[in-house]
Amino acid sequence: MTDRPHIEVKDLCVTARNAQGETFPIVSGIDFALKRGEVLALIGESGSGKTTIALTLLGHARPGATIAGGSIRVGDAELTRLDRTALAQLRGNRIAYIAQSAAAAFNPSRTIMDQVVEPALIHDLMPRDKAEAKAVELFRALALPFPDTIGARYPHQLSGGQLQRLMAAMALITDPELIILDEPTTALDVTTQIEVLRAFKAVVLERGATAIYVSHDLAVVAQMADQIVVLNQGRIREAGASAQILHSPADDYTRTLMAAARPAMRPTPARAAVPAAPLLEIRGLTAGYGKIDKAGRPRMPVLRDINLTIERGATLGVIGESGSGKSTIARVIAGLLPPASGQVLLDGEPLPPGLAGRSRDQFRRVQLVFQNADTALNPAHSVQQILERPLAFYHGLKGNAAHLRVMELMDLIRLPATLIDRNIGGLSGGQKQRVNLARALAADPQLILCDEVTSALDTVVGAAILDLMAELRRELGIATMFISHDISTVKAICDDILVLYAGTMVETGPRAAFQTAPFHPYTDLLIGSVPEMRAGWLEESHAGRGPPPIGAAGDHPDLCRFLPRCPARVDGLCNITPPPRHPLAKGNRILCHLGAESLCPS
Amino acid sequence: MAGAATFSGMKAALILIGKRFASSLLTLLLVSMTIFVIAQLLPGDAAQEALGQSATAEQVAALRHEMGLDRPAPVRYASWLSGMVSGDPGQSLVANMPVAEVISSRLPNSLLLAALTALIAVPAALAIGIGSAMNRGGRIDRALNITTLSMVAVPEFLVATIAVLLFSVELRWLPSIALVSDEMSWGEYLRGVAMPILTLSVVVIAQMARMTRAAVIDQMDRPYVEMAVLKGVAPVQVVLKHIMPNAIAPIVNAMALSLSYLLGGAVIVETIFNYPGLASLMVNAVTSRDMPLLQACAMIFCAAYLILMLIADVTAILANPRLRAQ
Amino acid sequence: MIAVSLQKAKALPLSGKIGLMLVIFWLAIALFGPMLAPYPVGAFVAYDVFDGYSAAHWLGSDYLGRDVLSRLLSGARYTVGLAAAAAMLASATGTALALTAAVGGPRVDEPLSRFMDMLISIPSKIFSLVLVAAFGSSLPLLLLIAAITYVPGNYRIARALAVNLVQMDYVQVAKARGEGRFHIAIAEVLPNMIHPLLADFGLRFVFIVLLLSGLSFLGLGVQPPDADLGSLVRENISGLGEGALAILAPAVAIATLTVGVNLLIDALPGRGKGR
């Protein structure tokens with residue numbers, strides 16, 4: 001009995017039904033087993049079936065799908081043989097689930113405490129007061145703020161990282177023997193992810209529960225899992241112990257995944273010795289929403305005092321977490337959001353602040369490429385229509401000339417010419433993103449503003465897009481503003497980097513200056529939070545350990561925005577005086593009181 | 001901390017409700033202007049109408065002066081509006097008595113009919129809508145879907161006709177005319193209004209059930225519902241404890257819309273069954289071009305609609321913690 | 001084109017196919033009905049009033065001894081034609097205004113939406129009654145009244161759609177490309193509203209059929225000697241007590257038309273929400 005694995009899945013098959021009513025398998029031939037207390041990771045890209053498999057361990061299939069065959073054993077329970085009532089007794093009791101987006105998985109109309117203790121109450125495991133006491137204990141263990149009162153709040157009052165930890169508390173309230181974690185940190189910023197991972201590892205995994213961890217990120221999995229199962233299109237490509245998969249993957253697909261996960265450094269073209277006037281220059285830009293006061297600050301500022309330049313043919317990486325205002329920079333340059341104060345100069349000439357007053361040529365020279373090609377391309381149009389519009393609009397190309405140019409563009413983005421009549425819905429994610437790029441290229445721009453162009457894509461597809469962009473840049477010499485949340489990608493492909501925190505530039509410099517410490521404390525946190533693909537990184541990393549105590553902050557509007565989270569903050573200095581902007585020896589400028597000597601080396 | 005949050009949250013909700021109330025009042029004011037303006041577009045006027053074609057220009061002018069019709073439009077609007085607010089919307093031209101009196105003899109009938117219908121229709125619609133949603137895609141759901149879909153499209157006079165054929169011509173259970181009077185006992189009254197209620201219920205239940213189903217189903221695919229299922233919550237509890245708090249706002253909104261229909265939209269049912277309600281009074285006012293009466297009726301229906309929508313919106317504010325507790 | 005339509009029709013569920021057949025049937029009747037009528041519309045041809053089914057009079061005779069089938073065939077044209085024209089007018093106006101509001105920014109959107117909100121708070125039957133009282137009920141006026149009554153409803157739906165679409169990235173891209181408002185409204189936004197707008201058009205059509213039949217039934221709609229299906233129900237109301245076919249037939253005719261449209265819309269993929 002003791003040798004028997006705790007969880008055993010054999011020849012599992014899940015089917016779905018398509019619009020024509022035909023049944024087809026979405027996952028098949030799945031076998032794995034794990035011992036009590038082990039963590040198994042299901043790894044794969046979107047459509048690999050990883051979540052589908054994870055849900056079957058709760059005896060659940062999403063609407064439209066059916067568990068069609070095989071066996072799923074958890075302890076002594078064979079889930080495929082249980083009826084609905086028996087399954088309901090296991091769920092949230094012996095088997096718990098932590099959903100991908102906690103913000104959506106919490107009921108918006110009920111308090112956190114209500115929802116956290118619900119599993120314990122419906123399974124009659126303990127009275128409400130005991131359950132609440134246990135919940136508070138878990139909140140504390142998960143390092144949540146205000147553990148005693150946080151339960152009285154509603155989901156919309158809490159952040160994504162807090163909700164994800166609260167979801168863990170909800171899962172743990174019944175001391176389950178199996179926990180399913182479905183991409184629990186994917187929706188989070190990298191600096192929040194590290195905190196949540198730590199909390200999970202400390203509380204979830206060290207209580208001896210068996211766990212299934214679903215993820216697309218090998219580096220995250222390396223921190224959590226004992227075993228890894230690599231999935232592709234509903235089938236297992238490779239399975240084995242973590243160390244084996246990470247260090248000596250046997251399968252080609254696994255190797256592709258690993259290669260794509262870490263962007264290769266791309267050489268930057270040599271710059272002109274005598275820098276001409278920059279292509280784009282931004283001076284003292286402040287932007288936001290709401291009324292603008294006399295000092296030129298809007299009521300809800302998003303960007304404060306931004307200064308930057310982009311040389312001809314150069315790439316500037318803009319990096320920051322969600323809400324940092326990085327996309328707003330692109331919107332301001334494109335004219336979609338008129339700035340509250342400051343100037344945008346293209347080729348030395350000031351651009352009119354909004355859309356109104358810009359000449360067609362000014363529009364042509366700056367092109368915007370959005371993150372999500374699904375929403376950036378009009379689903380009512382065909383590829384040809386999408387590419388012909390800028391040709392007609394900017395260059396007056398019609399008929400055969402336009403058609404020839406469309407063909408050239410298709411060739412440029414490596415798409416077969418047969419696709420031009422397709423509607424956008426008929427293209428894959430990667431193909432859409434290529435069309436999205438081609439539309440910008442059709443204008444013959446001098447500057448492309450790329451807003452998170454790879455983050456909606458699977459890593460392998462995203463890496464191919466980055467390769468394409470590097471190639472286009474070499475061939476066409478177009479300057480790029482590359483907006484991203486992923487510092488490793490930015491470090492790999494950009495000439496210059498700008499780090500944005502809460503709308504202020506905290507660090508700027510050439511990419512060489514971002515390879516070695518010292519950094520601004522926020523940059524340091526960002527770089528230190530990116531998981532490395534080896535076990536033990538999470539324990540060694542010093543990132544996200546929390547800031548030292550500090551006195552109350554003054555009310556100066558220009559105080560350091562990073563102050564509440566800064567691990568290097570100094571009482572009596574950072575909370576009283578606004579930080580100066582000063583250069584470091586290696587070539588970058590930071591907005592911080594501290595000099596190179598007091599910034600901790602990474 | 002929690003206490004303070006709730007307090008400031010309630011304050012925020014009260015401010016929101018106050019704003020919503022003010023906006024309803026403003027809308028009602030605009031509606032009154034619209035109705036007044038449209039009524040002014042009537043070719044000829046009340047004085048001409050009252051005296052007939054044979055009257056001389058002087059006679060008409062004298063009556064116009066007497067009725068105050070020669071004053072500028074804004075002044076007439078103001079005096080009409082202040083009359084409406086103080087409960088005296090003028091003199092009915094045809095009945096030759098105060099509009100207030102004509103209306104007060106009919107309004108209770110309309111309210112009673114609407115209330116009795118709502119009493120039957122609301123629970124029935126909730127049961128059908130929620131039941132249908134829980135059975136989504138199943139046989140019962142599809143059957144109910146087709147049934148309610150057809151019901152909302154069937155004209156009331158067909159429902160009424162079939163009801164008459166069935167219950168008074170064939171079965172002879174119920175009278176085909178809803179005669180009601182003050183001397184009637186409750187039993188007699190209920191027998192008298194059974195058919196109007198039945199007819200109205202058919203239409204209103206179908207409307208409300210469809211919208212209830214849509215509101216519940218709209219929530220069913222949300223991740224929090226899957227989460228509740230994966231916590232082991234029983235299906236009925238998933239609907240009652242998890243979905244309903246989020247679906248209540250659109251459902252109440254649907255109910256309010258349908259109930260407003262019970263007052264103003266009952267025109268045809270009242271006419272067929274000769275029920276002395278407000279809506280058939282309004283039809284008479286249209287036929288006889290009795291503008292003061294028509295305007296007053298229209299204002300009552302619009303006010304009823306706005307009150308119901310206000311109730312629905314206040315429910316939505318109170319049900320949503322985003323609006324209630326910031 | 002026809003092959004594609006046929007294929008789409010085949011993909012409809014049974015209820016949708018029934019709906020489609022009913023709709024086609026009534027369109028055909030509206031177009032060719034009067035040609036098929038066995039008797040002249042106004043002729044007194046039966047010996048008895050409120051006759052039941054007979055070989056000579058398939059749907060019996062009415063309160064004056066006229067042939068119900070013939071009157072129904074010609075009445076359908078009024079009902080379908082008026083309602084279709086009014087629904088088209090209402091949808092075109094409402095959608096055009098909605099697009100204007102959506103691309104015109106808050107300065108256009110605010111007052112327009114406020115105005116429409118005000119109109120929508122006048123229940124449609126009440127609104128049309130007031131309009132009939134003020135303007136009368138000739139055929140063109142009825143058409144106009146029905147259209148005006150349902151513009152706010154269409155506006156509300158179309159604006160909600162358009163405002164969402166204007167936020168889409170591809171519209172932002174078009175703006176940043178320097179496109180004008182007209183191009184954005186017509187080329188970028190409108191094509192993505194077609195499906196829900198078609199469904200809404202169907203719903204408006206049903207509402208208008210019911211409204212116009214209701215008005216005619218009350219004697220405030222189509223005036224004699226013209227008669228739509230609602231008028232037929234009204235003129236034969238005295239036969240209600242004896243369960244005459246003359247009153248049932250036009251009422252059932254209206255129901256099959258509106259139910260048919262509703263079934264069809266419900267079966268269409270990506271249908272919009274409506275009541």
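Domain bounds, as used in these legends, come from an automatic or database domain assignment. The model is predicted, with local features needing pLDDT of at least 70 and side-chain atom pairs counting only at pLDDT 80 or more, whereas totals for chains, interfaces and linings use all residues. Side-chain values rest on heavy atoms, without hydrogens and water, residues are numbered from 1 along each chain as its sequence is written, and chains are lettered from A and ligands numbered from 1 in the order in which they are written.

**View 1. Domains of chain A.** Chain A is divided into domain 1 (37–47 + 83–261) and domain 2 (280–449 + 462–475), and the C-alpha centres of these two domains lie 38 Å apart. An unreviewed UniProt entry places the feature "domain: ABC transporter" at residues 7–258 and 280–527 of chain A; such annotations may be inferred rather than shown by experiment. Residues 280–527 of chain A are 37% helix and 27% strand, with end C-alpha atoms 28 Å apart (helices, H or I of at least four residues, and strands, E of at least two, are DSSP runs numbered from the N terminus).

**View 2. An open sheet in chain A.** Six strands of chain A make up an open sheet of mixed pairing in the order S6-S7-S8-S3-S9-S10, where two strands pair if DSSP finds at least two bridges between them. Strand S6 (95–98) and strand S10 (235–241) of chain A stand at the edges and have a single partner strand each, so one side of each is left without a neighbour in the sheet. Neighbouring strands of this sheet are turned by 15° against each other on average, direction ignored.

View 3. Strands S3 (residues 39–43) and S8 (residues 210–215) of chain A run parallel and are joined by five bridges, with A:Ala41 standing opposite A:Tyr213 in S8(A). Helix H6 (residues 160–172) of chain A lies across S6 and strand S7 (178–182) of chain A, and runs at about 175° to S6(A). Contact here means heavy atoms within 4.5 Å, and axes are lines fitted to C-alpha atoms, for helices over the stretch in contact, with angles from 0 to 180 degrees between N-to-C directions.

View 4. An unreviewed UniProt entry places the feature "transmembrane region" at several spans of chain C, including residues 126–151 and 201–223. Residues 126–151 of chain C are 88% helix and 0% strand, with end C-alpha atoms 15 Å apart. For residues 201–223 of chain C, the content is 74% helix and 0% strand, and the end C-alpha atoms are 26 Å apart.
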